[in-house]
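This report concerns a helix pair and a surface patch. The sequence and the model are shown below.

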Amino acid sequence: MKLRRCTVEHVFGTVKSWMGSGHFTMKGLAHVGTEISLHILAYNMRRVMAILGITDMMKAMKIIGA
């Protein structure tokens, strides 16, 4: 349980604080799923930029064709 809290739950806390009180702006399962997916994508991109740096991330994106 300690390991899970350290590795997973802080992500949800961070995303929840970004969203503002944890409320979704959209209604309906499909819309909410899209909204949370975009929040998680933004979180992951921000982590990649923090770990690799922007220039290395851009180089990696060019290599894979994104």
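A patch is made of residues with over 30% relative accessible area and no salt bridge, and nonpolar side chains are joined within 5 Å. The model discussed here is predicted.

## Nonpolar surface patch

One such nonpolar patch on the surface is formed by Leu38, Leu41, Met45, Met49, Ile54 and Met58, which together have about 540 Å² of accessible area. H2 and H3 are the elements that give two or more residues to this patch.

Helix H2 supplies the largest share, four residues. Leu41 lies in this helix, H2.

## Packing of H2 and H3

Helix H2 spans residues 29–52 and helix H3 spans residues 54–64; their axes come within 7 Å and cross at roughly 115°. H2 is therefore roughly perpendicular to H3.

On the H2 side, the contact is made by Met45, Val48, Met49 and Leu52, and on the H3 side by Ile54, Asp56, Met57 and Met61. Classified by residue type, the contact of H2 with H3 has seven nonpolar residues, one charged residue and no polar residues.

Terms used. Residues numbered from 1 in each chain as written. Predicted model: local features only at pLDDT ≥ 70, side-chain atom pairs only at ≥ 80, totals over all residues. Heavy atoms only, no water. Axes fitted to C-alpha atoms, helices over the stretch in contact; angles between N-to-C directions. Parallel < 35°, antiparallel > 145°, perpendicular 65-115°, else oblique. Contact = heavy atoms within 4.5 Å. Nonpolar A, V, L, I, M, F, W, Y, C, P; charged D, E, K, R; others polar. Patch = residues over 30% accessible without salt bridge, like charges linked within 9 Å, V, L, I, M, F, W, Y side chains within 5 Å. Areas by Shrake-Rupley, 256 points an atom, 1.4 Å probe, with all protein chains shown as cover. Salt bridge = Lys/Arg side-chain N within 4 Å of Asp/Glu carboxyl O.
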